[in-house]
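I opened the notebook to look up aromatic contacts.

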Amino acid sequence: QVQLVESGGGLVQPGGSLRLSCAASGFTFSSYAMSWYRQAPGKQRELVAVISSVGGNSNYADSVKGRFTISRDNAKNTVYLQMNSLKPEDTAVYYCNAQRRRTDATLDRYWGQGTQITVSS
C-alpha cells in the first residue's frame, strides 16, 4: 500500500522558517522524482519544487527560488522542503508527490494528504 505522509506544517510568522517532511512507503522511493505542490484557497494547485530520483537535480517555482530548498534521503525514504523567509502568500496546503514514468510512457503518480502552512502575524 502506497503512503506519502507529510508533517511539519503549522502557523508561522512572516520571515520565519519551517521544514516539511514527507515519509514514503509502499513503493521504490529511489526510483521516483519527488515534488512539493501547494494549493491556496480559490487557486489551482501549483508546483513548488521537484527533485530527481537520485537527488542530483532540482527545480523551483520562481516565487520560492532562493527561499525554499528541496532535498531527499533515499535511505530514509523521505523528502524534505526547507522553507525560509516565509511570506503570507506562501499560505497554502502543501502536498507531497511521487512520480515515475514507466518505459511504456505511462505515469505512476502518488499524492500525500497535504499539510497546512499558514504564514501570519
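Over the ring of which residue does the charged end of R45 sit? I looked it up: the ring belongs to Y95, and its centre is 3.7 Å from the charged end. My criterion was NZ of Lys or CZ of Arg within 6 Å of the ring centre and within 35 degrees of the ring normal. R45 also lies over the face of W111, at 4.6 Å from the ring centre.

I noted the ground rules. This is a predicted model, where local features need pLDDT of at least 70, side-chain atom pairs count only at pLDDT 80 or more, and totals for chains, interfaces and linings use all residues. Residues are numbered from 1 along each chain as its sequence is written, and side-chain values use heavy atoms, without hydrogens and water.

Next, ring pairs. I searched the whole structure and got 6 aromatic pairs (rings of Phe, Tyr and Trp, the last by its six-membered ring, with centres within 6.5 Å; planes under 30 degrees apart are stacked, over 60 edge-to-face, the rest tilted). F27 and Y32 have ring centres 4.7 Å apart and planes at 65°, so I logged the pair as edge-to-face.

I checked burial (buried is under 20% relative accessible area, exposed over 50%, partly exposed in between; 1.4 Å probe, protein chains only). F27 is buried at 13%. Y32 is buried at 2%.

F27 also pairs with Y110, tilted, at 5.3 Å centre to centre and 45° between the planes. Y110 has 24% relative accessibility, so it counts as partly exposed.

Last entry: ring pairs join F27, F29, Y32 and Y110 in a cluster.
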